[in-house]
Amino acid sequence: MDFSLSEEQLMIQQAAKDFAQSELMPGVIERDDSQTFPDELVRKMGELGFMGMMVNEKYGGSGLDTQAYVLAMEELSKVDASASVMVSVNNSLVCWGLETYGSEEQKQKYLTRLASGEIIGAFCLSEPEAGSDATSQKTTAIDKGDHYLLNGTKNWITNGGRAEVFLVIAQTHADKGHHGINALIVEKGTPGFEIGPKENKLGIRGSDTHSLLFNDVIVPKENRIGADGFGFKFAMKTLAGGRIGIAAQALGIAAGAYELALQYSKQRKAFGTEISNHQAIAFKLADMHTKIQAARLLVYQAASDKDNGNDYTLSGAMAKLYASDVAMETTVEAVQIHGGNGFVKDYHVERLMRDAKITQIYEGTSEIQKIVISRSIIKD
Ligand code: COS
């Protein structure tokens, strides 16, 4: 296994690091407080090519591989996980899903604008009663000949209030179970489509999370992605890649907190010396560093599987499961190393600790990842 990075990958990593430090760091605490993320920063990420990193250049993307994408995700997430979740959803769920399974017309109409960051997208699977149990979709898309009539509610949708394009999973043929589910492209502003109130969240507070309400929304047939009944497979295939993005986000949150804790421990003095000289702190740093590197290798393995055309459902689930646990553990330890300062906002680690929690929940909880992993190893 050789994970040495190419010139291009190193360049992307540096560009993401520079952007995170110069553009995301200023105001990150205030954005968390006020629960806002400026459109201006999304536009800049689009200009730098971060919104459609893996999309072919002919559709306005950057034409990069998954490895470059996870490197960028790690760097952005070290500073601002609210920004990186927007990047992750737009790249892995929306753009990848459209490029891989969309028709040429759909790609021309939607993907080109999404990949360049001109507009952003949202992926709408979760419902009030269908999060982990994703086959139990209550949202319906009834076949009316030349269009679908969409009714239902979607919950906790990232980019919900800002997206222009929504990929909505809904049940068309209830008698066929998950084989009767479709994925539809719904545009913002379509009559009957309402954006619900913004969620007031524990973490990633700068990201824009809403419920969505569909009331007799007419969606043209040409907006269905893939064949009739392909929607559940579409969601599963797309989420398998999405989980690599979230694993990289978790890795970044962990690494960001660790870097802050290391730096702090070399400055803060107690009992006459820098606290990094106390074994209680040094051993914490050793554990954090080791676990972060193990998480990084799992993320790189999953990215490499995707880039090399191997199955990445298992490696992506393992990367997400492990990296999100490491994010949680590491950020808690980073707060501990900072002591009282860790508990106040100015030192960033309390925010990273709050942000870490969602990585164990969205795009499949840790328990769902264990279902995916255990089924995969038992069947082999
Ligand atoms: N790639 C392709 N197809 C997949 C797949 C994958 N990674 N995972 C499952 N499928 C397919 C199965 O092959 C099966 O198709 P067939 O019936 O044609 O064989 C179908 O999907 C249903 O799978 P299964 O029978 O395993 O369904 P279950 O209800 O037992 O659960 C899990 C499947 C739990 C893995 C799925 O519901 C899941 O991932 N849930 C979490 C969803 C999620 O991430 N929610 C968060 C929302 S996004 S923030």
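Two residues are in contact here when they have heavy atoms within 4.5 Å of each other. With that in hand, here is a friendly tour of this predicted model. Among contacts in the protein with a separation of 6 or more, 74% join residues 24 or more positions apart.

**Overall build**
- The protein's secondary structure is made up of eleven helices and nine strands.
- Its radius of gyration is 21 Å, close to the 21 Å from the globule rule for 380 residues, so the protein is as compact as a globular protein of that length.
- Along the principal axes, the C-alpha trace of the protein spans about 80 × 45 × 40 Å.

**Surface and interior**
- Of the protein's 380 residues, 55% count as buried.
- The accessible surface of the protein is about 15900 Å², and carbon and sulfur atoms contribute 53% of that area.

**A look at helix 4**
- Helix 4 covers residues 66-79, which is 14 residues.
- From first C-alpha to last, helix 4 reaches 21 Å, close to the 20 Å expected at 1.5 Å a residue.
- Helix 4 is mostly covered, with 14 of its 14 residues buried.

**Cysteines**
- If you are wondering about disulfides, the count is zero, with a pair of cysteine sulfur atoms needing to lie within 2.5 Å to qualify.
- C95 takes part in no disulfide, and the nearest cysteine sulfur to its own, that of C124, is 14 Å away.
- C95 is buried, with a relative accessible area of 0%.
- C124 is likewise in no disulfide, its nearest cysteine sulfur being that of C95, 14 Å away.
- C124 is buried, with a relative accessible area of 0%.

Technical notes. Residues are numbered from 1 along each chain as its sequence is written. This is a predicted model: local features need pLDDT of at least 70, side-chain atom pairs count only at pLDDT 80 or more; totals for chains, interfaces and linings use all residues. Side-chain values use heavy atoms; hydrogens and water are left out. Buried means under 20% relative accessible area, exposed over 50%, partly exposed in between (1.4 Å probe, protein chains only). Helices (H or I, at least four residues) and strands (E, at least two) are DSSP runs, numbered from the N terminus. The expected span of a helix is 1.5 Å times one less than its number of residues. The radius of gyration is taken over C-alpha atoms; the globule rule is 2.2 Å times the number of residues to the power 0.38. Accessible areas come from the Shrake-Rupley method with a 1.4 Å probe; for residues, only the protein chains shown count as cover.
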